[in-house]
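Here are my notes on the structure you sent over.

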Amino acid sequence: MSTPHVVVVMGVAGTGKTTIGPLLAARLGVPYAEGDDFHPQANIAKMSAGVPLDDDDRWPWLDAIGTWAHERAGLGGVVSCSALKRSYRDRLRAEAPGVVFVHLSGDRALIEDRMAHRQGHFMPTALLDSQFATLQPLQADEAGVAVDVAGSPEEITRWAVEALSGIPESAA
């Protein structure tokens, strides 16, 4: 018997993690968790002030997301998390070894334009350069897929589902 994936929707700010994550979860028939909700208030205050987080800020956040993903093992789920560095993804896998990543990727100009038009989010476009500088794309030995964000939310979700179908579900 196989069980659904626990999927981490990753990418720099503005790629649509918060839009695609719930759509993907609905398509897969599993719950969605918003990664930003796992941030301590101090992290949100820092980012709102335009100050990038450092690794010491991120570890407790990643551990909380990893714990959620671990609890969903065997049940499936989707959670958004930038997971920009390999070390961050390794930290998530340490908590939840079976997670699969969907890397939402795309052209910087498109992403910046989308960020400039979104409402009520604490991440300013000024931090986009630091996000791209930090980004380490998925490597060949990491379970996951890259999906281009140059499409409608429905198209991106469909592409993600199609790409995930090529990754075997975990054995229960």
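1. A word on contacts before anything else: two residues are in contact when heavy atoms of theirs lie within 4.5 Å. With that in hand, take the contacts between residues at least 6 apart in sequence: 76% of them join residues at least 24 apart. Keep in mind throughout that this is a predicted model.

2. Now the overall layout. The protein has seven helices and seven strands, and from the N terminus on they come in the order β-β-α-β-α-α-β-α-β-α-α-β-α-β. Of its 172 residues, 44% are buried. The accessible surface is about 8000 Å², and carbon and sulfur atoms account for 55% of that.

3. Which rings form the aromatic pair? They belong to tryptophan 59 and tyrosine 88, and this is the one aromatic pair in the structure. The ring centres are 5.7 Å apart and the planes sit at 80°; planes over 60 degrees apart count as edge-to-face, so that is what we call this pair. The pair links distant parts of the chain, with tryptophan 59 in helix H3 (residues 55-72) and tyrosine 88 in helix H4 (residues 86-95), 29 residues apart.

4. Are the two partners buried or exposed? The cut-off for buried is under 20% relative accessible area. Tyrosine 88 has 1%, so it is buried. Tryptophan 59 comes out at 22%, so it counts as partly exposed.

5. Stay with H4 for a moment. Its buried residues are Arg86, Tyr88, Arg89, Leu92 and Arg93. Looking down the axis of H4, you'll find them within an arc of 160°, so they line one face of the helix. The buried residues of H4 pack against strand E2 (6-10), H3 and strand E5 (100-105).

6. Leucine 92 deserves a click of its own. Leaving out residues up to four places away in sequence, leucine 92 touches Val8, Leu62, Ile65, Gly66, Cys81, Ala83 and Phe101. The largest nonpolar core has 43 residues, and Leu92 is among those that touch the most other members, together with Leu24, Cys81, Phe101, Val102, Leu104 and Leu164.

7. Next, look at the loop between strand E4 (77-80) and H4, where alanine 83 is found. Its phi is near 45°, a positive value in a residue other than glycine. With 1% relative accessibility, alanine 83 counts as buried.

8. Another alanine to check is alanine 33, in strand E3 (residues 32-33). Alanine 33 is buried too, at 8% relative accessibility. Setting aside neighbours within four places in sequence, alanine 33 contacts Phe38, Trp68, Val78, Val79 and Ser80. From alanine 33 to tryptophan 68 is 35 residues along the chain, yet their C-alpha atoms are separated by 8.4 Å.

Definitions and conventions: Residues numbered from 1 in each chain as written. Predicted model: local features only at pLDDT ≥ 70, side-chain atom pairs only at ≥ 80, totals over all residues. Heavy atoms only, no water. Phe/Tyr/Trp six-rings, centres within 6.5 Å; stacked < 30°, edge-to-face > 60°. Helix = DSSP H or I, 4+ residues; strand = E, 2+ residues; numbered from the N terminus. Buried < 20%, exposed > 50% of the residue type's maximum accessible area, 1.4 Å probe, protein only. Areas by Shrake-Rupley, 256 points an atom, 1.4 Å probe, with all protein chains shown as cover. Arc of directions from axis to C-beta. Core = buried A, V, L, I, M, F, W, Y, C linked by side-chain atoms within 4.5 Å.
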